[in-house]
Amino acid sequence: MKSLMNIGKWFKPRTNRDIEYTIIGDQDLKERQSRLVTVITPVFNAEKYLRKTIDSVIHQSLGTDKMEYILVDDGSTDSSRDILLDYSARFDHIIVVFMKKNSGTPGRPRNIGIELASSKYITFLDADDWLEPTGIESLASILEETGDFYAVGKTVRVKEKGMSIIGEHESCKERRSVCPFTIPHIFHHLGPVGRMVKTEVLKTNQIFFPEMKFAEDKQFFMEVLAHCPSISTTTKPVYFVNRSDNQKSRLSNQTNIMQKTNCNLKVINHMMSKNLDSNKQKMMLNRLYEFDSISRFFTTPHFQRTKLKRVYYHKLNQVLKTTKKLDYEVSEEFLQPMNKVVYQLFRDKKYRDLENLYDWDRKEKIKEVSIQDGLPYISFNRDIHIRVPMHAIFKEGHLTHNTYQLQFHVFGDYLDCVTDVLIRDTKNGLNEVTLPVVVDRGGNGTVEIDLLLLGHLPPSTYSIFLRYRDYMKFNIRTSIDEQERHLLQNRQFTFFRTVFSNVGLKIERLQG
């Protein structure tokens, strides 16, 4: 194993802290600078998954000769350090950093990784997650092709019951060199997963993670995107988030909702201090006000159970006080009609109505939709009407010549934005098919589902969605409890009404 005694010649810490870590690993600076991508992994008591995580980097199609892998151990007390020493001894491109004491935040280990990184691009990988074998190559190739500063691909959440896609706006289509602010929900998924950043952006603009227990990734990637004139996205899978049986060990799950909100407040104040362009600031703050301070805030199980709901109201008041610095009404930027209603109930101090609304929303799985002046609404307590952006009602469906023709009627604001039908496995979000759809100005829609095109899909139950504005989707509601079956190539295709009264599809393989 070679020595890194000369690291002080080229590494200049961004603070004057006492030496807080030891570096084990090897390559001289010239060799490291020739590598294309740096992968950074913060590690803390990750022995259960760490080998799988590291192996997913070692086996990348890009090749280890084009990567450096920096793993920063944040004071682990299990066998994580032994595992890291084992890998660093066997692989030249692995650099291990041992911190002298635990920092209590994923931000500090990641920042050390950024400071030490010498490659052209940086990507992050948590110590209990793993990468698609071609993930790093997919993102690096896009950045090399476009010259963009940032690329993001598909992130898959893995649970015991199956896999689902998260942050779909980031991976629903191939985009090249687009302004990040043209993607409506770009700030609604800001974890350090499935994305790659040009190192120059971080070091030139001194962008680092705030060293907090929560929300550090939001602030970091908001700053990154604010400095990226263009970015690219891909539909290719890149990153797998492990949510199977490690929930208790994750730092974010050891932080309660009030602590999380205090961290969000710090991010709000920080981003306000940046004096960004008004439209950019609106998009960033909308994520923090609408998504974090309303959607996530009031849907926590603790809010449903606690008798001390006034604590929540006091904390939200603290958050909303910051809006007095803005020159616009913050609720006008909300994307979900439900959140606008909740916001108004809160401002009118109708707390009991607010609580009852969330209780109803949680329990009423199939909500009745009424059409008023051609637009869909759901109603709560008769006098509270909540707009539904898009709603579809099944008209009829029939099978002819291995094709299922599905007819429906669409109501809502975006009739001319419906682009396709998405058929997706309910247990594995990577198994999907998209088909073209036609919706006329009156809202009448038709899709022809050629069963031969579904031949590669495995036996499972599938949801059927209409998709609009790139990635936003909604079901086709039906009241008809009838099934349409068709046999084709030793498989049975059954179109049926789901438990939520939507049109669904079941594919079964027949015996014999």
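This is a predicted model: local features need pLDDT of at least 70, side-chain atom pairs count only at pLDDT 80 or more; totals for chains, interfaces and linings use all residues.

Colleague: What makes helices H9 and H12 roughly parallel?

Modeller: H9 (residues 257-272) and H12 (residues 309-321) pack at an angle of about 5°, with their axes 10 Å apart. Angles under 35 degrees count as roughly parallel, and therefore H9 and H12 get that label.

Colleague: Which residues of H9 and H12 meet?

Modeller: From H9, Ile257, Met258, Thr261, Asn262, Leu265 and Ile268; from H12, Val311, Tyr312, Lys315, Gln318 and Val319. By type, this contact between H9 and H12 has seven nonpolar, three polar and one charged.

Colleague: Why is Asn242 called buried?

Modeller: Buried means under 20% relative accessible area. Asn242 has 1%, so buried is the word. Asn242 belongs to strand E11 (residues 231-242).

Colleague: And what makes the Asn242–Ser244 pair a polar contact?

Modeller: The cut-off for the N or O atoms is within 3.5 Å, and the side chains of Asn242 and Ser244 make their contact at 2.7 Å.

Colleague: Why is helix H5 described as largely enclosed?

Modeller: Because ten of the ten residues of H5 (residues 107-116) are buried. Among them are Arg108, Arg110 and Glu115.

Colleague: How do you know that E12 and E13 pair?

Modeller: Pairing needs at least two bridges, and four bridges join E12 to E13 (residues 375-380), running antiparallel.

Notes:
Residues are numbered from 1 along each chain as its sequence is written. Side-chain values use heavy atoms; hydrogens and water are left out. Axes are lines fitted to C-alpha atoms, for helices over the stretch in contact, and angles run from 0 to 180 degrees between N-to-C directions. Helices (H or I, at least four residues) and strands (E, at least two) are DSSP runs, numbered from the N terminus. Angles under 35 degrees count as roughly parallel, over 145 as roughly antiparallel, 65 to 115 as roughly perpendicular and the rest as oblique. Contact means heavy atoms within 4.5 Å. Ala, Val, Leu, Ile, Met, Phe, Trp, Tyr, Cys and Pro count as nonpolar, Asp, Glu, Lys and Arg as charged, and the others, Gly among them, as polar. Buried means under 20% relative accessible area, exposed over 50%, partly exposed in between (1.4 Å probe, protein chains only). A polar contact is a pair of N or O atoms within 3.5 Å; within protein, one must be able to donate a hydrogen and the other to accept it, and residues adjacent in sequence count only if both atoms are side-chain atoms.
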